[in-house]
Amino acid sequence: MESGEGSASVVGHVHAADGIVVRLRPVAEPDLAMFRRFAVEPGLIGLDWAGFRDPGAPARRYAEDGYLGPEDGRLIVQAEPERAAAGFVSYRSGTYDGKARHWEIGIALLPEWRGRGIGWRAQALLCDYLFAHSPVQRVQAGTHPENVGEQRSLEKAGFRLEGVIRAAEFRAGAWRDGWLYSRLRDDPSPL
Ligand SMILES: CC(C)(COP(=O)(O)OP(=O)(O)OC[C@H]1O[C@@H](n2cnc3c(N)ncnc32)[C@H](O)[C@@H]1OP(=O)(O)O)[C@@H](O)C(=O)NCCC(=O)NCCS
C-alpha cells in the first residue's frame, strides 16, 4: 500500500494482480446517487436488503459530516483507472467491555464490480486505514452463512472466523444466524 496523492486520493491504494487499482476515498456529493439506489432498489445491496429506506437520508448525513463521523462512517471504493465508484465500505464503533472500542466493518459493491478482486482488497485497505488512525486492537465483520463470497473475501483480507452468532438478525422473514470474523492489530495484512 502506498499513500494517495492529491485531494481525491486521500486514503491509499493497492494494485491488483490484473492491473486494477482499488482506492478508498471520502464520499463526495455525486456518490449520493449510488447510496440512494442501495436504499430503494430491492436486493441491490445483496443479502442485507432490509426493505425500502429513506432516500433522503444520504444527503442529510453527507451535509452533517461527510460520512466521516467519530462513531461511524463510510468510504467510497473507487476502481481505477476508470475512477468509478464501485461501492462503499462502512465502519461503526462498538465495545465489549465498556472501555475499549473496536470497529465493525461492512461492504457493498455494485453488481458489475463484484467478483473482480476488489472486495477483499477494499476490506484489507480499510483495516489498515483503521489500525493506522485509531488505537483499536480489533476490527470485526459479520456475514451470512450463505454469503460464500464475503466469507472468502474476509479471509483473503486477513480475517479469521470466530464463530456463529445465533439469531443475530431478523432478515427475509426469519431470525437468522450470523458468522463473526475478526482481524486483530497484530494479524498480518495481506497487502
Ligand atoms: C461480498 C463482496 C464484498 C465480495 O467482494 P468481491 O469483489 O465480489 O469478491 P473478490 O473478487 O474480492 O473475491 C474474493 C474471493 O472470494 C471469491 N468469491 C467472490 N464471490 C464469490 C461467490 N459469489 N461465491 C464464491 N466465491 C466467491 C473469489 O473467487 C475470491 O476468491 P479466490 O481469490 O480464491 O478466487 C461483494 O461481492 C459484494 O459487495 N456483494 C454484495 C454485498 C455483500 O454481500 N456484502 C457483504 C455483506 S456481509
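Which residues touch the most other members of the largest nonpolar core? The structure is a predicted model, in which local features need pLDDT of at least 70 and side-chain atom pairs count only at pLDDT 80 or more, whereas totals for chains, interfaces and linings use all residues. Residues are numbered from 1 along each chain as its sequence is written.

The largest nonpolar core holds 34 residues, of which Val77, Val89, Ile118, Ala122 and Leu126 touch the most other members. Such a core is a set of buried Ala, Val, Leu, Ile, Met, Phe, Trp, Tyr and Cys residues joined through C-beta atoms within 7 Å; a residue is buried if 20 or more other C-beta atoms lie within 10 Å of its own, exposed if 12 or fewer, and partly exposed in between, with C-beta atoms placed from the backbone. Among the elements that give two or more residues to this core are β3 (72-80), β4 (84-94) and β8 (174-184), while α3 gives the most, with eight residues; helices (H or I, at least four residues) and strands (E, at least two) are DSSP runs, numbered from the N terminus. Not counting residues up to four places away in sequence, the residues that Val89 touches include Leu24, Val77, Ile105, Ala122 and Leu126, contact being defined by C-beta atoms, placed from the backbone, that lie within 7 Å.

The ligand is surrounded by 23 residues, the closest being Gly46, Leu109, Gly119, Gly149 and Arg152, where a residue is near a molecule if its C-beta atom, placed from the backbone, lies within 6 Å of it. At least two residues of this shell come from each of β5, α3 and α4 (148-156), and α4 gives the most, with six residues. The shell divides into eight nonpolar, nine polar and six charged residues, with Ala, Val, Leu, Ile, Met, Phe, Trp, Tyr, Cys and Pro counted as nonpolar, Asp, Glu, Lys and Arg as charged, and the others, Gly among them, as polar.

In the contact of helix α1 with helix α2, Leu32, Phe35, Arg36 and Ala39 in α1 meet Ala57, Pro58, Ala59 and Tyr62 in α2. The residues of this contact divide into seven nonpolar, no polar and one charged.

Leu184 is found in strand β8 and is partly exposed, with 16 other C-beta atoms within 10 Å. Leu184 touches Gln137 and Arg138, not counting residues up to four places away in sequence, and lies 22 Å from Phe88, C-alpha to C-alpha, the two being 96 residues apart in sequence.
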